[in-house]
Amino acid sequence: MNLVLQGVGDCKARLERISALTASANLTWLGERALRCEGIAFSPALRQTIEVAAQAAQLDATYSIGMHKMSDYKLVAMDMDSTLITIECIDEIADMQGLKAQVSEITEAAMRGELDFAESLQRRVALLQGLDASALERVYDERLQLSPGAETMLKAVQAAGLKTLLVSGGFTFFTERLKKRLGLDYTHANELEIVDGKLTGKVVGGIVDAEEKKRTVDRVCAELGISPSQAIVMGDGANDLKMMSISGMSVAFRAKPVVREQANVALNFVGLDGILPLLT
C-alpha cells in the first residue's frame with residue numbers, strides 16, 4: 001500500500017512528521033509539498049491514526065494500491081460550481097435579487113443530498129424570475145474565480161493529451177465562457193430561459209442532474225473510444241456521486257462529507273493540482 005501526503009505553504013516538517021507514522025522505508029518527494037510513502041503495512045487502525053494526524057496537520061492523505069500514471073487516463077471530467085470555480089453561480093445570481101440566503105440554503109441541502117437536485121434547481125431558478133440578464137455577466141466578471149490549482153492542473157493534463165469535460169448542474173452562460181477561456185474540450189450544463197432581456201425563472205430543456213451527469217461522462221467516453229475507468233472525475237456535491245462512481249479515479253474537492261466518504265481521493269487542503277502528485 002502506498003500513501004501520498006500533501007500540504008500547502010511551508011509544510012515539509014509536517015509531511016515528515018506524519019510520514020514517520022507509516023514506518024515506510026521508501027519515501028519519495030514529489031515536489032516540495034508532496035511526499036509518497038511506499039510499501040506501508042496497511043491496517044484500519046493505522047489508517048485512522050494517520051488520517052486524524054494528517055487532518056490536524058492540515059495535510060491531505062491519499063492511499064493507493066500500486067502507482068497511478070497520467071497515461072492511465074484519457075479524460076478529466078469536472079463539476080463547475082465549488083469545484084472548478086470557487087462559487088455557486090446561482091447563489092451569486094440570487095444575490096442580485098436580494099435572495100442569496102434563501103437560495104444558498106436550498107443549494108446546500110441539495111449538495112448534501114437532502115433534496116432532489118432537479119426539484120431544488122427549479123425552486124431556485126424560479127426565484128430569479130424578472131432579474132435582468134445582465135446580472136449573469138456581473139457574476140462572471142466580478143465574482144467568478146477559479147479554484148486554487150485549477151489552471152496548473154488543466155495545463156498539465158492537457159499537455160499530457162487528456163481531454164477535458166466540464167459537466168455542471170449550473171448554467172451554460174458560465175460553462176461556455178470557461179470552455180473558451182480554459183480551452184476545454186466538452187461542456188454540458190443547464191440553459192436559463194431569457195425573454196426580453198429578463199430571466200423567466202425557467203430552464204430550457206431537460207435538467208442536468210446526477211443521472212444526466214453520469215450519462216454525459218458515459219457519452220463522452222464513448223465518443224473518445226475509451227472506458228469510464230480511464231476517466232478522472234472531480235466533484236463536491238451529492239449530485240456528482242453517480243458520475244464519480246463510474247470513473248477510474250473519483251476526486252472529492254473540498255466536498256460534502258457524503259462525497260468525501262465515497263471518493264477515491266479527497267482533497268481538503270491542497271488545490272485541484274493535488275491530483276498531479278498522485279499520477280507520478
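**Labels and the values behind them**

Tutor: Let's start with Leu127, which sits in the loop between helix 5 and helix 6 (134-142). Keep in mind that this is a predicted model.

Student: Why is Leu127 called partly exposed?

Tutor: Its relative accessibility is 25%. Buried means under 20% and exposed means over 50%, with partly exposed in between. Leu127, at 25%, therefore counts as partly exposed.

Student: Which residues does Leu127 touch, leaving out those up to four places away in sequence?

Tutor: Leu127 touches Gln97, Leu99, Gln102 and Val103. To count as a contact, heavy atoms have to be within 4.5 Å. For Leu84, 43 residues from Leu127 along the chain, the C-alpha separation from Leu127 is 25 Å.

Student: On to the helices. What describes the packing of two helices?

Tutor: The angle between their axes and the distance between the axes. Helix 4 (residues 100-111) and helix 5 (residues 117-126) pack at about 170 degrees, and their axes are 10 Å apart.

Student: And what makes helix 4 roughly antiparallel to helix 5?

Tutor: Angles over 145 degrees count as roughly antiparallel. The angle here is about 170 degrees, so helix 4 is roughly antiparallel to helix 5.

Student: Which residues make that contact?

Tutor: Helix 4 brings Val103, Ile106, Thr107, Ala110 and Met111, while helix 5 brings Phe117, Ser120, Arg123 and Arg124. By class, the contact has five nonpolar, two polar and two charged residues. Val103 of helix 4 turns up here, and Val103 is also one of the residues touched by Leu127.

Student: Now the pockets. What makes a residue part of the lining of a pocket?

Tutor: A lining residue has an atom within 4 Å of a pocket point. For the largest pocket there are 32 of them, with Ala61, Thr62, Tyr63, Asn264 and Val265 nearest its centre. The space in the largest pocket is about 590 Å³.

Student: Which element gives the most to that lining?

Tutor: Strand 4, with five residues. Elements giving two or more residues include strand 4 (60-64), helix 2 (44-56) and strand 11 (265-267). By class, the lining of the largest pocket has 16 nonpolar, ten polar and six charged residues.

Student: How many residues line the second largest pocket?

Tutor: The second largest pocket is lined by 15 residues, and Gln6, Gly7, Arg33, Asp273 and Pro277 lie nearest its centre. About 210 Å³ of space lies there, and the lining has six nonpolar, six polar and three charged residues.

How values were computed
Residues numbered from 1 in each chain as written. Predicted model: local features only at pLDDT ≥ 70, side-chain atom pairs only at ≥ 80, totals over all residues. Heavy atoms only, no water. Axes fitted to C-alpha atoms, helices over the stretch in contact; angles between N-to-C directions. Helix = DSSP H or I, 4+ residues; strand = E, 2+ residues; numbered from the N terminus. Parallel < 35°, antiparallel > 145°, perpendicular 65-115°, else oblique. Nonpolar A, V, L, I, M, F, W, Y, C, P; charged D, E, K, R; others polar. 1 Å grid on protein atoms, 1.4 Å probe; cavity = no way out; pocket = protein on both sides within 12 Å on 5 of 7 lines; lining within 4 Å. Points joined across faces, edges and corners; volume = space filled by probe spheres on them. Buried < 20%, exposed > 50% of the residue type's maximum accessible area, 1.4 Å probe, protein only.
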